[in-house]
Amino acid sequence: MSDTGSVSLARPQSDCVVSVSVVTHNQRDWILDTLHSVSAQQCSFPIEIIIADDASTDGTREAALEWAAEYDGVCHVLPPAERLGISANHRRAFAAARGDAIAVIEGDDLWIRTDKLERQYSALSADPSLAMVACRHVIVDGSGAEPRRGDLAIDGGFIGAVGEV
């Protein structure tokens with residue numbers, strides 16, 4: 001493994017067990033923290049990292065390319081495309097995935113548990129009736145503060161919940 005992170009990165013990509021899909025659009029201020037949280041994963045299996053930038057204009061793609069260069073061959077930034085929107089950008093990342101499973105993280109999110117992928121893949125592998133697994137999440141604002149429960153928004157049927165991750 002590379003000395004630039006604690007994750008077991010796949011070489012070649014076809015050997016990966018989990019593909020991590022990082023979708024992003026104009027998230028320059030957060031993308032490096034997101035990518036560091038992915039590379040901090042402690043897994044007993046190799047992963048690949050796929051970065052799908054959706055025509056960012058704020059330097060997100062350039063920051064991702066610079067970061068990905070440290071993980072040449074195991075982390076790749078998909079070629080630029082016209083603005084696709086979030087659903088089509090996810091589909092583009094999924095189409096590039098080579099792992100047995102796909103983990104999704106957006107370019108302004110962090111994985112705060114370094115065993116997240118290990119635990120989720122173990123749960124998925126242990127029960128063939130499962131199609132997906134998820135985890136709790138913590139919502140924070142741009143300053144890093146957690147909103148009070150009464151401040152959480154319900155948007156399009158999604159309820160943000162603050163809980164143990």
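## Contacts and overall make-up

Of the contacts in the protein chain with a separation of 6 or more, 73% join residues 24 or more positions apart; contact here means heavy atoms within 4.5 Å. This is a predicted model, in which local features need pLDDT of at least 70 and side-chain atom pairs count only at pLDDT 80 or more, while totals for chains, interfaces and linings use all residues. Residues are numbered from 1 along each chain as its sequence is written, and side-chain values use heavy atoms, with hydrogens and water left out.

The protein chain has four helices and six strands, and from the N terminus on they run β-α-β-α-β-α-β-α-β-β. Both kinds of element are DSSP runs numbered from the N terminus: helices are H or I with at least four residues, strands are E with at least two. Out of 165 residues in the protein chain, 35% are buried. Buried means under 20% relative accessible area, exposed means over 50%, and partly exposed is in between (1.4 Å probe, protein chains only). The accessible surface of the protein chain comes to about 9,300 Å², with 52% of that belonging to carbon and sulfur atoms; the areas come from the Shrake-Rupley method with a 1.4 Å probe, and for residues only the protein chains shown count as cover.

## Strands E1 and E4

E1 (residues 18–24) pairs with E4 in the parallel sense, over six bridges. For two strands to pair, DSSP has to find at least two bridges between them. Within this pairing, Ser19 stands opposite Ile102 in E4.

E4 covers residues 101–106 and has two faces: Ala101, Ala103 and Ile105 sit on the covered one, with Ile102, Val104 and Glu106 on the uncovered one.

## Helix H2 and the cores

H2 spans residues 60–68, and its buried residues are Thr60, Arg61, Ala63, Ala64, Trp67 and Ala68. They lie on the same side of H2 because they cover an arc of only 160° around the axis, taking the directions from the helix axis to the C-beta atoms. The cover over them includes E1, helix H1 (28–39), strand E2 (47–53) and strand E3 (75–77).

A nonpolar core is a set of buried Ala, Val, Leu, Ile, Met, Phe, Trp, Tyr and Cys residues joined through side-chain atoms within 4.5 Å. The largest has 25 residues, and among those with the most contacts inside it are Val20, Ile49, Ile51 and Leu117. Two or more residues each come from E1, H1, E2, H2, E3 and E4, with the largest share, four residues, coming from H2. A second, separate core has six residues, including Val23, Ala52, Leu78 and Ala93.

Back to Ile51: leaving aside neighbours within four places in sequence, Ile51 is in contact with Val22, Thr24, Leu35, Ala64, Cys75, His76, Val77 and Leu78.

## Loops worth a look

Two residues other than glycine have positive phi. Asn26, in the loop between E1 and H1, has phi near 50° and is partly exposed at 28% relative accessibility. Ala55, in the loop between E2 and H2, has phi of about 55° and is also partly exposed, at 27%.

Gly107 sits in the loop between E4 and helix H4 (116–126), and is buried at 0% relative accessibility. Not counting residues up to four places away in sequence, Gly107 touches Val23, Thr24, Gln27, Trp30, Ile31 and Thr34.
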